[in-house]
Amino acid sequence: MNIFLVGPMGAGKSTIGRLLSTELDLPFFDSDKVIEERAGANIPWIFDVEGEAGFRDRETAVIADLTCQNNIILATGGGAVLKSENRSYLKERGSVIYLKTSVELQIERTRKDKNRPLLQTEDPTQVLQKLMDIRDPLYQEVCDHVVTTDKRNPKLVVSEICRVLNI
Ligand SMILES: Nc1ncnc2c1ncn2[C@@H]1O[C@H](COP(=O)(O)OP(=O)(O)OP(=O)(O)O)[C@@H](O)[C@H]1O
Ligand SMILES: O=C(O)C1=C[C@@H](O)[C@@H](O)[C@H](O)C1
Ligand SMILES: [Mg+2]
């Protein structure tokens, strides 16, 4: 069984994915980290040099590879659901959990981190709201379960994921 986490920036996919992997004793992968390792560069550099399109191509290659494994936990990037090819890999190869979070909390949780190029703008709230309007239907389409992370500490989110998956 594979568990794939989707959701917006700051939803907690990387944090929850790591905790879940410890809890279930399964290997953990973070598609953003694997993209950086393969590129030998960080995400801001990839966006600068190759544009968002270049990043998305790298993301698809990584998701195609990682989802072929068995018994892994995978945290995806916030925009991983944009390509239908990615959504198919995720849907067909594991249980998909949508970590849902309010824009207010996304702002709070991403404020100090400069590693998210799409948020390096004057008005990150507006950007996050626009992204959510476009992406929420895609997260909903791809997922098997929605788990809210507002008002829940990471440990509680992990127990809720185990509960909805009956594990
Ligand atoms: N349930 C939670 N309660 C409180 N803080 C949280 C929770 N989940 C994550 N955080 C904090 O929010 C920040 C962002 O979390 P994280 O990097 O895991 O998000 P992400 O979904 O992986 O984002 P991205 O899509 O940009 O990779 C981290 O500082 C983390 O400690
Ligand atoms: O929401 C997004 O489009 C992104 C989220 C991050 O996880 C990274 O994948 C990157 O910064 C783009
Ligand atoms: Mg992450």
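The shell around ligand 1 holds five nonpolar, nine polar and five charged residues. In this classification Ala, Val, Leu, Ile, Met, Phe, Trp, Tyr, Cys and Pro count as nonpolar, Asp, Glu, Lys and Arg as charged, and the others, Gly among them, as polar. A residue is near a molecule or strand if its C-beta atom, placed from the backbone, lies within 6 Å of it. Of the 19 residues around ligand 1, Gly12, Lys13, Ser14, Thr15 and Arg109 come nearest.

Helices α1 (13–24) and α7 (154–164) each give at least two residues to this shell. The largest share, three residues, is from α1. Helices (H or I, at least four residues) and strands (E, at least two) are DSSP runs, numbered from the N terminus.

## Model and numbering

This is a predicted model, in which local features need pLDDT of at least 70 and side-chain atom pairs count only at pLDDT 80 or more, while totals for chains, interfaces and linings use all residues. Residues are numbered from 1 along each chain as its sequence is written, and chains are lettered from A and ligands numbered from 1 in the order in which they are written.

## Helices α2 and α3

The axes of α2 (residues 31–39) and α3 (residues 43–66) come within 9 Å and cross at roughly 115 degrees. Axes are lines fitted to C-alpha atoms, for helices over the stretch in contact, and angles run from 0 to 180 degrees between N-to-C directions. The two helices are therefore roughly perpendicular to each other (65 to 115 degrees).

The contact (C-beta atoms, placed from the backbone, within 7 Å) involves Ser31, Asp32, Val34, Ile35, Glu36, Arg38 and Ala39 of α2, with Ile43, Ile46, Arg58, Glu59, Val62, Ile63 and Leu66 of α3. By class, this contact has eight nonpolar, one polar and five charged residues.

## The sheet

Five strands form an open sheet in the order β2-β3-β1-β4-β5, with parallel pairing. Two strands pair if DSSP finds at least two bridges between them. β2 (28–30) and β5 stand at the edges with a single partner strand each, so one side of each has no neighbour in the sheet. The twist averages 25 degrees from one strand to the next.

Strands β1 (residues 3–6) and β4 (residues 95–100) are parallel and share four bridges; in β4, valine 96 is the bridge partner of phenylalanine 4, and tyrosine 98 that of valine 6. Four bridges also join β4 to β5 (residues 145–148), again in parallel. Here the bridge partner of isoleucine 97 is histidine 145 in β5.

Note on methods: Parallel < 35°, antiparallel > 145°, perpendicular 65-115°, else oblique. Contact = placed C-beta atoms within 7 Å.
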